Amino acid sequence: PAPAAAPPAPAAGSYVVQAGDTAFRIATRFGLTVNDLAVANNLYDPRFIYAGQTLMIPGAAGAAPPAPAGRQLAVSGQAQALPLDCESRSAVDWAGYFGYAINELEFFNGLPASDDPDLGFVGSVYGNWGQLPPGAYGVHAGPVAARLRAYGVNAQALRGATWPALVNEIDAGRPVLVWVVGHVTDGQPYLYVAPSSGNATTVAPFEHTVIVTGYGAETVTVLDGAATYTRSLAQFLRSWGVLGNMAIVAGP
C-alpha cells in the first residue's frame, strides 16, 4: 500500500497547540492578549484549547518562534531602607546599573504624595505591607519614571507591556523594573477610584517591585532588593499581570 500522506503543515500565521500550552501563554508569546486570540479563532472560552489544535495568530507570518535560549544580566541591589519603599529601592538599583548613583532616601523623599498611586506615593511608608489605597500602599510606574528622569535617567513607564518586549530589553542589555504581587506570587486585582482625582486604577494587596535581570526558555530571574531568585515564566506572568503589566524600561 502507498505510504500515508503527511499531515498538512500549518498555514502561515497559525500555531499548533502543544501539550501544556494555555491561551494566555500562547497569546503572550506572540505579543497578543487572550481576547485577540479568542476573537481571531472564534473561541467561546479560550480556557478550552487542546494539543494539536491549529490557532490563527493575527498579524503573525508563520508558526511560533523558537523558544529563546535566555540571557542573564549582572545587576546588584540592596535591601530597602524603609518598610514600603520597594519602588525607590528598585529604582535606584535599576538606575545604578546604568551608571547613576542615587540615594534611596533622597529618591523617596522627592516622590509626590497622593491618594492616587498613578500620581504619587499613597499612605505611610512605615505602614504594614498588604494594604490597599487610601491606606499605606506605595506608588505606580508613572511617578517613579518621572523621578528617575529628574536625575537624567532615560526611564519610560509602560502599562500593558508584553513578555516579548521584556525579552527584547534583556537581549539589548537593559534590565526592566516591573510591578508584581508579593515576591512574584499570585494576587487579586481591585479597581480603585482615587477621591482626589477621580482616576480609576488597578491596585492589589502586596503590590511590590522587582527588577527582571534575566530569562530562560521557561524561567524568569529577578532582583528583589538584595535577593536574586528565579520563578517559572508562567508564575511571573500571572504575578506581573495582576497590576496590568506595568514596567519601567530604558529603551534604546
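**View A. The buried side of helix H2 packs against helix H1 (23-29) and strand E2 (54-56).** This is a predicted model: local features need pLDDT of at least 70, side-chain atom pairs count only at pLDDT 80 or more, and totals for chains, interfaces and linings use all residues. Residues are numbered from 1 along each chain as its sequence is written, and side-chain values use heavy atoms, leaving out hydrogens and water. Helices (H or I, at least four residues) and strands (E, at least two) are DSSP runs, numbered from the N terminus. Packing is judged by contact, meaning heavy atoms within 4.5 Å. Buried means under 20% relative accessible area, exposed over 50%, and partly exposed in between (1.4 Å probe, protein chains only).

Helix H2 spans residues 34-41, and its buried residues are Leu-37, Ala-38 and Asn-41. Seen down the axis of H2, these residues fall within an arc of 95 degrees, so they line one face of the helix. The arc is that of the directions from the helix axis to the C-beta atoms. An α-helix has 3.6 residues a turn, so residues three or four places apart point the same way. What does the face of H2 turned away from the buried side carry? Asn-35 and Val-39 sit there, and both are exposed. Just after H2, Asn-42 takes a positive phi of about 55 degrees.

**View B. Helix H7 (residues 233-242) is mostly covered.** How many of its 10 residues are buried? The count is 7. Among them are Leu-233, Phe-236, Leu-237, Trp-240 and Val-242. Gln-235 and Ser-239 are buried in H7 as well. Just after the helix comes Gly-244, with a positive phi of about 80 degrees.

**View C. Arg-147 is buried yet has no salt bridge.** A salt bridge is a side-chain nitrogen of Lys or Arg within 4 Å of a carboxyl oxygen of Asp or Glu. Arg-147 belongs to helix H5, which covers residues 141-150. Which side chain of opposite charge is nearest to Arg-147? It is Glu-106, at 5.0 Å. Set aside neighbours within four places in sequence, and Arg-147 is in contact with Glu-106, Phe-107, Gly-110 and Leu-111.

**View D. Glu-104 and Arg-89 form a salt bridge.** Their closest N and O atoms are 2.7 Å apart. Glu-104 is in helix H4 (residues 104-109) and Arg-89 in helix H3 (residues 86-97), so the pair ties together parts that are 15 residues apart in sequence. Are the two partners buried or exposed? Both Glu-104 and Arg-89 are buried. Asp-93 joins the picture too: Arg-89, Asp-93 and Glu-104 are linked in a network of salt bridges.

**View E. Arg-159 and Asp-118 form a salt bridge.** Here the closest N and O atoms are 2.4 Å apart. The pair links distant parts of the chain, 41 residues apart. Arg-159 sits in the loop between strand E4 (156-158) and helix H6 (163-171), while Asp-118 sits in the loop between H4 and H5. Arg-159 is partly exposed, at 47% relative accessible area. Asp-118 also counts as partly exposed, with 22% relative accessibility.

**View F. Arg-174 forms a salt bridge with Glu-169.** The closest N and O atoms of this pair are 2.9 Å apart. Arg-174 and Glu-169 are both buried. The structure holds 6 salt bridges.

**View G. Gly-127 lies in the loop between H4 and H5.** Its relative accessibility is 17%, so Gly-127 counts as buried. Which residues touch it, beyond neighbours within four places in sequence? Gly-127 is in contact with Pro-83, Leu-84 and Ala-136. Leu-82 is 45 residues from Gly-127 along the chain, and the C-alpha atoms of the two are separated by 9.7 Å.

**View H. The whole chain has 7 helices and 11 strands.** Its C-alpha atoms fill a box of roughly 80 × 40 × 25 Å, taken along the principal axes. Of its 252 residues, 48% count as buried. Among contacts between residues at least 6 apart in sequence, 67% join residues at least 24 apart.

Terms used. Lys, Arg positive; Asp, Glu negative; His and termini not counted.
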